[in-house]
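Work through the following exercises with the structure in view, and try each task before reading its solution.

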Amino acid sequence: MAGRIIVLGEHRDGQLKKTSWEAIGLGRKLSAELGKKVCLALVGSEIDGLAREVSGRSGLEVAVLANHHCRHYTPEGYCEVLVEFARTERPYLLLLGHTYQTMDFAPRLATMLDRGLIPNCVDYRSEAGRLLWVRQVFNGKLNLEVSPQGEPPYLVSLQQGAFPASEENLENSPRVEHRQVGVAEGTLRRKLLEVMEAVQTKVDLSQAEIIVAGGRGLGSKEKFQLILDLAEALGAGVGASRPVTDGGWLPKEHQIGSSGQTVTPRLYIACGISGAIQHLVGMSNSGCIVAINKDPYAPIFQVADYGIVGDVFQVVPKLIEIAREMRP
Ligand SMILES: Cc1cc2nc3c(=O)[nH]c(=O)nc-3n(C[C@H](O)[C@H](O)[C@H](O)COP(=O)(O)OP(=O)(O)OC[C@H]3O[C@@H](n4cnc5c(N)ncnc54)[C@H](O)[C@@H]3O)c2cc1C
């Protein structure tokens, strides 16, 4: 048992987050490379159905760390449960997605376990039996290699979209282990009163299959309508560079980049966006990147799979026309 790789799964409304599927994908790869077993841990209450589904699909054993105090997320509750689990399990590696939730509790968990946390990793390599983890610093301008020191467990969180998700459905028989873990009275200093949903844009950008993004090249809020029209024709989410949200053409939640969202759609269409590094760090892991820019030397073309050197006001209307014709 000791020395396993544990993927900490994040779930909401009975669904495992995409970043957790990515962590499972990496966990399975590392398991094969390091010869260590991998298992998924889920914290919560009444999550049996989810545990069975994920176990069957991923082929992993799932440890359900059940506690009624953890029905809703609180950093104290999660850490208490995970520390107890880690102390009995003595894993080699704890893998997490880098999300708002893990940013909230993982540093506390690392401190309680007296271990370091290597956050937001985009790659790794093995050297003499050690794993070296790659993180981007200075807004993605430099890569840093970090090797964990001391005894395991090592805590590592993974940047969204940096590793391929485990997608195949193995249709295995579920293997679910229940562990009732205690949360001492008085530990929880927060209580969930109400969940207030953010006003949803048409498509949740973190889950969007296609994103059409526009930049300063669109020229004005009125002209940005062209991007909304293309997105509508493709059933896509709408993204933007920072000048667009700074200028109030779109709300801030549409911003892609180092101070906005990180996205990994299958298709990213960048229109009138130059490709500054702060934008690229938020979208360069997209499956296929199409760039439309009138400047043939725009840096966005360096990450693009397909580039159209042209005026967005000539190219995009044609794309809208084609997309509308192709719509079932
Ligand atoms: C700390 C910090 C954080 C930042 N965070 C972010 C972030 O999260 N996201 C982000 O995007 N930026 C961010 N920035 C800003 C970033 O540095 C760039 O300034 C920004 O990305 C540029 O946006 P843009 O490409 O839309 O505009 P520009 O760089 O002005 O590029 C506009 C492009 O449109 C093209 N163009 C113009 N007219 C047309 C036309 N008619 N047809 C086709 N192409 C045309 C031009 O050739 C040009 O390439 C940040 C900056 C800092 C300092």
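**Exercise 1. Describe how helix α3 passes α4, and find the residues that make the contact.**

Solution. α3 passes α4 in a right-handed crossing, where right-handed means that the near helix is turned clockwise from the far one by less than a right angle, and left-handed that it is turned anticlockwise. The contact, meaning heavy atoms within 4.5 Å, is made on the α3 side by residues including Tyr78, Leu82 and Ala86, and on the α4 side by residues including Gln101, Phe105 and Leu109. By class, these contact residues divide into 10 nonpolar, 1 polar and 5 charged, with Ala, Val, Leu, Ile, Met, Phe, Trp, Tyr, Cys and Pro counted as nonpolar, Asp, Glu, Lys and Arg as charged, and the others, Gly among them, as polar.

Next take the geometry: the axes, which are lines fitted to C-alpha atoms over the stretch in contact, come within 9 Å for α3 and α4 and cross at roughly 45°. The two helices are therefore oblique to each other, since angles under 35 degrees count as roughly parallel, over 145 as roughly antiparallel, 65 to 115 as roughly perpendicular and the rest as oblique.

This is a predicted model, in which local features need pLDDT of at least 70 and side-chain atom pairs count only at pLDDT 80 or more, while totals for chains, interfaces and linings use all residues. Residues are numbered from 1 along each chain as its sequence is written, and side-chain values use heavy atoms, with hydrogens and water left out.

**Exercise 2. Which residues line the largest cavity, and which element gives the largest share of its lining?**

Solution. A cavity is a set of points on a 1 Å grid over the protein atoms alone where a 1.4 Å probe fits but cannot get out, and its lining residues have an atom within 4 Å of a point. About 80 Å³ of space lies in the largest cavity. Its lining consists of Leu8, Gly9, Glu10, Ala41, Val43, Tyr78, Leu82, Leu96, Gln101, Thr102 and Phe105. At least two lining residues come from each of β1 (5-9), β4 (38-44), α3 (75-89) and α4 (100-113), and the largest share, 3 residues, comes from α4. By class, the lining has 7 nonpolar, 3 polar and 1 charged residues.

**Exercise 3. At what angle do α1 and α2 pack, and which residues make their contact?**

Solution. Helix α1 (residues 18-34) and helix α2 (residues 48-58) pack at about 45°, with their axes 12 Å apart. Trp21, Ile24 and Arg28 of α1 make the contact with Val54, Arg57 and Ser58 of α2.

How values were computed: Axes are lines fitted to C-alpha atoms, for helices over the stretch in contact, and angles run from 0 to 180 degrees between N-to-C directions. Helices (H or I, at least four residues) and strands (E, at least two) are DSSP runs, numbered from the N terminus. On a 1 Å grid over the protein atoms alone, a cavity is a set of points where a 1.4 Å probe fits but cannot get out, and a pocket is an open set with protein on both sides within 12 Å along at least five of seven lines; lining residues have an atom within 4 Å of a point. Grid points are joined across faces, edges and corners, and a volume is the space filled by probe spheres set on the points.
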